[in-house]
Amino acid sequence: MLRKIEEFETKNIGVPLEEITVEHFMPQTLTPWWKENYGGDLKSYEIYEKYLNCIGNLGIMSQGYNSSNSNKPWNEKLEFIKLVQFNVTKEVSCNLEWKEEQIKKRNEDLAKRACNAITAPLKRTVPLMATEFENGLYPASDITTNMNGSDVKYVIYDNNILDIKSWRCYFNEFCRIAYELNSEKFKQIVQDNIIHKASNKYDKKQKDPIITINKNFLVEPKKIGNTEFYSEGSLSSERARIYAKQLLDIYKITDKIQICVENRDE
């Protein structure tokens, strides 16, 4: 967090985490000087237990830091802190004392600065399958309508009707069309595993492919036309549409395609 604040505020070149060490301003081993500084054995113990590892008592330094400085009295540590490369650490040297009040103040200050430096989690998005389908035509770009329980009646491509009757054949047919449009591009897509699953159950070296020469990587391999390639046939309506759109977008023909679907119970 300290490194993140430093990089956000100073725009300095980032230092790899492995090259940074953390210094406790109130040392991890209290010498007689530090115990006296905090009001004796009992009071120093209370402050030590409460504040030793809080962020207000920590500073980042390069690994070249000489640890022999750690337990020195505060006025001697200050001279070294002034030379540290990180501003978020060096700024502590303006404190002529290092007691409970200064640690608490720095805690609060860093908390506010961290809120600016660290990006919050993104808001939750709406579910992918947002609405239920009705019988009719849908553009191939629509991957948000929930089409569970539907059958493909036919597909229109460039004003021609394609005889596709199932989601299992839907993606496979567009693989065939893509290959015919540009076989070299298609081979490159397969070689780079552009379209793949989120898991590597069958291919340990990378994510499981959706299009491949090795049909052992597929649950239900379906041969793509007269090519040497196979596509995954075990696909839900959701995954078939998502993978197809990825392929169609690469070929820039998504807008030329419409799907006619109907409820399989009707």
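Leaving aside its neighbours within four places in sequence, which residues is Val155 in contact with (heavy atoms within 4.5 Å)? Select Asn160, Ile161, Leu162, Ile164, Tyr170, Phe174, Ile257, Gln258 and Ile259. A quick note: this is a predicted model, where local features need pLDDT of at least 70, side-chain atom pairs count only at pLDDT 80 or more, and totals for chains, interfaces and linings use all residues. Numbering runs from 1 along each chain as its sequence is written, and side-chain values use heavy atoms, with hydrogens and water left out.

Now widen the view to the largest nonpolar core: buried Ala, Val, Leu, Ile, Met, Phe, Trp, Tyr and Cys residues joined through side-chain atoms within 4.5 Å, buried being under 20% relative accessible area (1.4 Å probe, protein chains only). Of its 35 residues, Val155, Tyr170, Phe171, Phe174, Phe186 and Ile211 touch the most other members. Colour strand E6 (150-157), helix H7 (167-181), helix H8 (183-191), helix H9 (237-251) and strand E11 (257-263), the elements that each give two or more residues to this core; helices (H or I, at least four residues) and strands (E, at least two) are DSSP runs, numbered from the N terminus. H7 gives the most, with 7 residues. A second, separate core has 29 residues, including Tyr48, Cys54, Ile81 and Ala117.

Next, jump to Phe25, in the loop between strand E1 (20-24) and helix H2 (32-37). Phe25 is buried, with a relative accessible area of 0%. Among its contacts beyond four places in sequence are Trp34, Trp74, Ile81 and Trp98. Draw a C-alpha to C-alpha distance from Phe25 to Trp98: 7.9 Å, though they're 73 residues apart in sequence.

Technical notes: Buried < 20%, exposed > 50% of the residue type's maximum accessible area, 1.4 Å probe, protein only. Contact = heavy atoms within 4.5 Å.
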